[in-house]
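Below are my notes on the model, point by point. Please read them with the coordinates open.

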Amino acid sequence: MDGGSGHGFVPPSASFDKSRVLDIKPLRSLVPVFPNPPQAPPFVCSPPFGPFPPGFTPFYPFSVAQGPQSSPELNQHKTPTGATNHETPISASANLFRTPPHFPGVVNGDAETSREYGVQFLNENSNMGVKQDGFFDDPKRAAPHLRASNSSRKKAKKSKDVDISLTVDNEKGSSKNFVMRFDSLQLDDGNREMVNYVLMTFDALRRRLSQIEEAKESPGGGIKRADLKAANILMSKGVRTNMRKRIGVTPGVEVGDIFFFRMEMCLAGLHAQSMAGIDYMFVKGGLEEEPVAVSIVSSGGYDDDADDADVLIYSGQGGNVNRRDKQVADQKLERGNLALDRSFHRANEVRVIRGVKDVVNPLSKVYVYDGLYTIQESWTEKGKSGCNMFKYKLVRIPGQPGAFAHWKSIQKWKEGFSSRIGLILPDLTSGAESIPVSLVNDVDDEKGPAHFTYFPTLRYSKSFNLKHPSFGCNCQNACLPGDLNCSCIRKNGGDFPYTSNGILVARRPLVHECGPTCPCIPNCKNRMSQTGLKVRLEVFKTNNRGWGLRSWDPIRTGTFICEYAGEVLDKVKVYQERDEGESNEYLFDTTHVYDNAFKWNHEPGLLDEEPSAEPNEYYDIPSPLIISAKYVGNVARFMNHSCSPNVFWQPVLYEHNNESFLHIAFFAIKHIPPMTELTYDYGMLQSENYEVQSNHTPNGKKKCLCGSSNCRGYYG
């Protein structure tokens, strides 16, 4: 075979040494050897997380080489011989190492054809392929019923990686100054704290990369996949968890958790496939190992019947479904299809993730973890294309918390097909907000909170003058990231505070937004906290904490929720009323001591940035602000306290006629599933800080009922 690796080649008899032939071991016992082309660097095999010799970088998603890529180490993984407690070690999934393709209009990594997507990662001369589960596989060594046909293997050799650059400018991403906060044992087996840390670290890095890309973006745009870049960097540093594949529950991931990016599920260990919809592992079955499914993603790319909240009719993978460039064919009982079939016979649990459209960005998907299912039936039927498709009926295991069922109920409420149980008012704002806010009580007979006047923003008794004269920006259209001629951007240290889709990038001492004096358009992205509600909210009666606030819609990390509206009061008057014993439960006071210990901004070391590049997360408010929402206010007055909140407040300043107006805006700390109560930390009086440090119970404080494991027992 010309130009081949030497298989089947007989050398001339003059140079043939028969004694050497007798010493040759059977082919299947040999370790693959990769010949080095002339004048090429030697082939180097390194663990996925390094260390790496000088001049070499790991493969995607740990890194993308700037030239011809070296083949990955193929012999590090050994197929497990069995599963203990439904668990088996697994190396980082090779599906994650491929450069994902670009799908027009897909902005969060979801691909409608994900169940059959596959790319040959190795060079054309290699006989080793990449299996759907992420393992490297020699087709000649696979069991006969697992082998692909010769024609399909030949076609796979012609596949090419779609070119998307995942490198970070100025050779960033080596993470020299980054220190992992958890031990290596939690890489294989995580917990809730580890999962939250990984996901928050990922999103903080993704937001920062989006900010960097948007500041340098050319007018023609381009492929912006900050999620892939962030995952690339984190995996290279080992910032991930639950790498051990398992059947059943993923430690630290709860039923109802939501994900806005496929890579988040990979990092958390919920679903290891970055593109494929079926994830599986190999377990002992008879005389040889067989694949069993561990998780599936149903996101609308195939002809699934996903309307029932407890039953999912799932279509198999393959057959070139939804592929315009290939002829549709019958699906084959291999890879994920075979794994689902084996799981049907074994009756093992399968994690189900459902993808639904994002209400904020219809081109994107939100993925909700719907819990554990079992496969009850399996059959084949003719699809819409006329070819045979595998079908699997999965039934949800009873007794799990509601997840996808909540989404279905909310959809019916929005479409008017069913009324909200306990609905008191369809819109308590009486039209003051562009999005209605319902009032609901399905707990007792109380008909609503005490009367107040709804007002969407602050009522200032007086503004405070700036120390130095300041003027608004001179942008004629919208303020653009990277435009240092914009005075509002310069006030923010040269960084645009929000991403292009309105997500806050980082907590800051103070965010400067464009004000009424600025000539930029009303929907300028730097007016995010001034443009009203972004999600459908609901004021509801809690079981033991009065009235609370939650959202019908999923809320993404960094999303603006609302501002704290009300009347600005003089602190002398407030303290006087407090000393006289007058109670005001609807008071926001910036002079309180707040827990700013949680880390929300990105780690500069992950981008090899200097620590000074990270915005300070401690607030710098030019003047104390006390707001009373007792008689006048908005939905923020119903947000309860929690010692482990999912919302934080951010001071925002904008100016008008050389006067400064300070506002308090609330943003999501993390992804918040629908119907989850929104809470923030109320803080405590400065005078009581000593008592807290001394473990003395403050007098006159209110008992905290948040139920958090970090609960300090009181607030206010």
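1. Two terms come first. Two strands pair if DSSP finds at least two bridges between them. Helices (H or I, at least four residues) and strands (E, at least two) are DSSP runs, numbered from the N terminus. The model is predicted, with local features needing pLDDT of at least 70 and side-chain atom pairs counting only at pLDDT 80 or more, while totals for chains, interfaces and linings use all residues. Residues are numbered from 1 along each chain as its sequence is written, and side-chain values use heavy atoms, with hydrogens and water left out.

2. Overall content. The protein chain has 12 helices and 30 strands. Of its 716 residues, 51% count as buried (buried means under 20% relative accessible area, exposed over 50%, partly exposed in between, with a 1.4 Å probe and protein chains only). Contact means heavy atoms within 4.5 Å. Among contacts between residues at least 6 apart in sequence, 71% join residues at least 24 apart.

3. The sheet 12-13-18-19. Four strands form this open sheet, in that order and with mixed pairing. Its edge strands are strand 12 (423-425) and strand 19 (547-551), each pairing on one side only. Neighbouring strands of the sheet are turned by 35° against each other on average, direction ignored. For such angles, axes are lines fitted to C-alpha atoms, for helices over the stretch in contact, and angles run from 0 to 180 degrees between N-to-C directions. Strand 18 (residues 537-541) and strand 19 run antiparallel and are joined by five bridges. Within strand 19, G548 stands opposite F540.

4. The sheet 15-21-23-22. This open sheet also consists of four strands in the order given, and its pairing is mixed. Strand 15 (458-459) and strand 22 (587-589) each have a single partner strand, so one side of each is left without a neighbour in the sheet. Two bridges pair strand 15 with strand 21 (residues 566-568) in the parallel sense. R459 stands opposite E567 in strand 21. Helix 11 (residues 571-579) packs on the sheet and touches strand 22 and strand 23 (626-628). The direction of helix 11 makes about 125° with that of strand 22.

5. Helix 5 against helix 6. Helix 5 (residues 192-216) and helix 6 (residues 226-237) pack at an angle of about 130°, with their axes 8 Å apart. That makes helix 5 oblique to helix 6 (under 35 degrees counts as roughly parallel, over 145 as roughly antiparallel, 65 to 115 as roughly perpendicular and the rest as oblique). Helix 5 contributes V198, T201, F202, L205, R206, L209, S210 and E213 to the contact, and helix 6 contributes A226, D227, K229, A230, A231, I233 and L234. These residues divide into nine nonpolar, two polar and four charged (Ala, Val, Leu, Ile, Met, Phe, Trp, Tyr, Cys and Pro count as nonpolar, Asp, Glu, Lys and Arg as charged, and the others, Gly among them, as polar).

6. Positive phi values. Which setting does each residue have, buried or exposed? N242 has a positive phi of about 55° although it is not a glycine. N242 is found in the loop between helix 6 and strand 4 (245-246), and is buried, with a relative accessible area of 4%. Phi of S430, also not a glycine, is positive and near 55°. S430 lies in the loop between strand 12 and strand 13 (438-440); S430 is exposed, with a relative accessible area of 69%.
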